Amino acid sequence: MTIEPIAYFHSPFNSKFGIPKQSGIIESLKGYIVFEPKFRNADALRGMEGFDYIWLIWEFSANKDYSSSLMVRPPRLGGNEKVGVFASRSPFRPNKLGLSSVKIDFIDYDDKDGPIIHVLGADIMDGTPIYDIKPYVTYADSHDNARCGFVDRNKWTKLDVAITDDDRVKLIQAGMNEELIAELTEVISEDPRPQYQDDKDKVYGMSFAGLDVHFVVSSGKAALIW
């Protein structure tokens with residue numbers, strides 16, 4: 001089977017570092033989907049207005065090398081313990097396919113490249129190819145009291161992020177608004193560091209909304225570095 005992108009995703013993330021490790025973790029995080037010309041037709045979305053969430057099937061396109069390993073190290077397990085690739089949500093997969101459930105914010109039918117689907121809570125890098133979109137339906141997609149393996153046994157610890165008044169001024173001067181600052185704060189709070197690293201002197205860098213952001217972490221607290 002040969003598949004082709006039907007659309008491309010656009011988000012504040014220009015690189016992999018910092019992207020939430022699952023969709024829905026940062027509910028306010030904005031992104032949008034622009035269809036390829038041959039699929040840029042309102043008829044393809046007819047009926048979507050009745051749904052709150054959609055599934056996106058996409059490619060881990062930033063992973064250039066094919067992964068032949070059948071074992072991976074999930075961040076939830078500290079990056080040291082291995083599980084089978086098909087028992088994980090690792091981006092290093094045989095076919096590099098991702099699956100994300102995102103919330104529909106609104107659909108812009110009037111944009112020159114419309115219809116454009118604006119969504120919330122995606123864990124997808126800017127420029128990522130989208131291969132399919134399907135509606136989320138609770139009767140089939142939601143399973144109450146389902147066991148979640150090692151995820152149930154290992155709690156994710158968030159960081160306390162200190163955005164000072166001086167940080168806020170500099171971020172606004174760099175082109176961010178309060179909404180983007182709030183999103184950035186949530187992104188860092190999810191601790192994007194490799195989980196085997198805990199060096200209080202190490203400076204971590206990420207690209208967010210076109211700005212290179214640097215921060216350090218000490219005793220569970222994150223602070224921006226300029």
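Modeller: First, a rule for contact: it means heavy atoms within 4.5 Å. Axes are lines fitted to C-alpha atoms, for helices over the stretch in contact, and angles run from 0 to 180 degrees between N-to-C directions. Helices (H or I, at least four residues) and strands (E, at least two) are DSSP runs, numbered from the N terminus. On those terms, α4 lies across β9, β10, β11 and β12 and runs at about 140° to β10.

Biologist: What kind of model is this, and how are residues numbered?

Modeller: This is a predicted model, where local features need pLDDT of at least 70, side-chain atom pairs count only at pLDDT 80 or more, and totals for chains, interfaces and linings use all residues. Residues are numbered from 1 along each chain as its sequence is written, and side-chain values use heavy atoms, with hydrogens and water left out.

Biologist: Why are α3 and α4 called oblique to each other?

Modeller: Helix α3 (residues 165–173) and helix α4 (residues 178–189) pack at about 120°, with axes 10 Å apart. Angles under 35 degrees count as roughly parallel, over 145 as roughly antiparallel, 65 to 115 as roughly perpendicular and the rest as oblique. The pair is therefore oblique.

Biologist: Which residues make the contact of α3 with α4?

Modeller: From α3 come Arg168, Leu171 and Ile172; from α4 come Glu178, Ile181 and Leu184. The contact residues divide into four nonpolar, no polar and two charged. Here Ala, Val, Leu, Ile, Met, Phe, Trp, Tyr, Cys and Pro count as nonpolar, Asp, Glu, Lys and Arg as charged, and the others, Gly among them, as polar.

Biologist: What makes β3 and β8 a strand pair?

Modeller: Two strands pair if DSSP finds at least two bridges between them. Five bridges join β3 (residues 53–59) to β8 (residues 129–135), running antiparallel. That meets the rule. In β8, Asp132 is the bridge partner of Ile57. β3 also has seven antiparallel bridges to β6 (residues 97–108), where Ser101 partners Trp55. Both pairings belong to a closed barrel of six strands, β1-β2-β7-β6-β3-β8.

Biologist: Why do β9 and β10 count as edges?

Modeller: The order in this open sheet of four strands is β9-β12-β11-β10, with mixed pairing. β9 (160–162) and β10 (204–208) each have a single partner strand, so one side of each lacks a neighbour in the sheet. Inside that order, β11 (residues 211–218) and β12 (residues 221–225) pair antiparallel over five bridges. Val217 has Ala222 of β12 as its bridge partner.
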